[in-house]
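Work through the exercises below with the sequence and the 3D structure at hand. Try each task yourself before you read its solution.

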Amino acid sequence: MLAMESIGAGDPVVFLHAAVCDRRMWRAQMAVVGTTHQAIAYDRRGFGETRAEAEDHSAVGDLLAVMDAVAHDKPVTLVACSQGGRIALDTALQHPSRVLRLALIAPTVPGAPEAAYPPGVQAQMTALKQAEASGDLERVNAMKAHLFLDGPLEAEGRVGGAARQLFLDMHGTALRSTPAGASLDALDTFSRLAEITVPTLVMWGSFDFPHIQERSRHVSTLIRAGVGQEVSGVAHLPSLDQPEAISRLLADFI
């Protein structure tokens with residue numbers, strides 16, 4: 001059973017979280033969008049309040065199940081960050097009639113060019129792999145906060161307070177969750193982006209990994225009705241770092 005919540009009424013907007021967060025990353029945006037639309041968010045398998053089982057599954061299928069349960073056959077707007085963006089793009093490709101528009105933040109895209117890290121970032125990624133191999137989950141959590149919340153080339157702790165505590169709680173929960181089974185979704189999404197015709201807003205943070213910024217720019221140009229928007233002074237998770245700015249961008253687009 002997928003844990004989900006819905007607020008407001010009107011045309012449905014479904015929020016898909018990053019793989020280092022859960023549905024709580026969208027709290028501020030849900031509150032704003034929910035004043036004019038039905039805002040829906042859910043925890044994927046192994047995140048937040050949704051338990052994972054070691055079974056093969058389709059994240060696209062899970063999203064469709066959420067849409068079936070709460071969207072009442074209306075086409076939906078998908079708002080997604082990072083790995084959530086992959087699910088949104090795959091859904092738009094496989095079920096185009098069910099998607100009205102896309103708002104993507106730093107989307108993961110299968111088939112995109114491999115990451116190329118600057119030397120300073122490569123050292124951090126090597127250290128992260130060592131921490132993961134050692135099973136030091138507290139260290140892994142802290143390192144992921146630096147990489148994805150602060151930005152890999154920014155000072156550790158740049159984002160503090162409630163936003164950092166929320167990240168550490170969300171990602172800490174995911175780190176300790178039972179791993180889900182293998183994904184059944186296997187599209188070469190990057191090569192098919194031109195097939196997506198719905199209005200699409202692609203956002204990325206100026207403090208994010210350089211290769212993610214470049215990938216996001218490519219996505220915004222390859223989708224026919226795509227528009228790109230750099231968000232200054234944020235990394236991979238601007239909904240936590242600058243919630244008001246992201247809420248305004250989403251409200252204007254939706």
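**Exercise 1.** In this predicted model, find how many nonpolar, polar and charged residues the lining of the largest pocket has, and then state which element gives the largest share of that lining.

Solution. Begin with the classes: the lining of the largest pocket holds 20 nonpolar residues, together with 13 polar and 11 charged ones. Next, turn to the space itself, which comes to about 1100 Å³ for this largest pocket. Among the 44 residues that line the pocket, Ala 19, Val 20, Ser 82, Gln 83 and Thr 108 are the closest to its centre. Then look at the helices: two or more lining residues come from each of α2 (59-70), α3 (83-94), α4 (119-134), α5 (137-150), α6 (161-175) and α7 (210-222). Finally, the largest share, 5 residues, is the contribution of α4.

**Exercise 2.** Decide how many disulfides the model has, and work out whether Cys 21 is buried or exposed.

Solution. First, take the distance from the sulfur of Cys 21 to the nearest cysteine sulfur, that of Cys 81, which is 6.9 Å. Because a disulfide requires two cysteine sulfur atoms within 2.5 Å, Cys 21 is in no disulfide, and Cys 81, whose nearest cysteine sulfur is that of Cys 21, is in none either. The count for the model is therefore 0 disulfides under this cut-off. As for accessibility, Cys 21 has a relative accessible area of 0% and is buried, and Cys 81 is likewise buried, with a value of 0%.

**Exercise 3.** Describe the surroundings of Gln 29, and say which backbone oxygen its side chain reaches at 3.2 Å.

Solution. Start by placing the residue: Gln 29 belongs to helix α1, which covers residues 27-33. Its relative accessibility is 0%, so Gln 29 counts as buried. Then follow the side chain, which reaches the backbone oxygen of Pro 243 at 3.2 Å, while a polar atom of the side chain of Gln 29 also lies 3.5 Å from the backbone oxygen of Ser 239. Leaving aside residues up to four places away in sequence, Gln 29 touches Phe 15, Ser 239, Pro 243, Ile 246, Ser 247 and Leu 250.

**Exercise 4.** Find which residues Ala 145 touches, not counting residues up to four places away in sequence.

Solution. Locate Ala 145 in helix α5, and note that Ala 145 is buried, with a relative accessible area of 1%.

Definitions and conventions:
Residues are numbered from 1 along each chain as its sequence is written. This is a predicted model: local features need pLDDT of at least 70, side-chain atom pairs count only at pLDDT 80 or more; totals for chains, interfaces and linings use all residues. Side-chain values use heavy atoms; hydrogens and water are left out. On a 1 Å grid over the protein atoms alone, a cavity is a set of points where a 1.4 Å probe fits but cannot get out, and a pocket is an open set with protein on both sides within 12 Å along at least five of seven lines; lining residues have an atom within 4 Å of a point. Grid points are joined across faces, edges and corners, and a volume is the space filled by probe spheres set on the points. Helices (H or I, at least four residues) and strands (E, at least two) are DSSP runs, numbered from the N terminus. Ala, Val, Leu, Ile, Met, Phe, Trp, Tyr, Cys and Pro count as nonpolar, Asp, Glu, Lys and Arg as charged, and the others, Gly among them, as polar. Buried means under 20% relative accessible area, exposed over 50%, partly exposed in between (1.4 Å probe, protein chains only). A polar contact is a pair of N or O atoms within 3.5 Å; within protein, one must be able to donate a hydrogen and the other to accept it, and residues adjacent in sequence count only if both atoms are side-chain atoms. Contact means heavy atoms within 4.5 Å.
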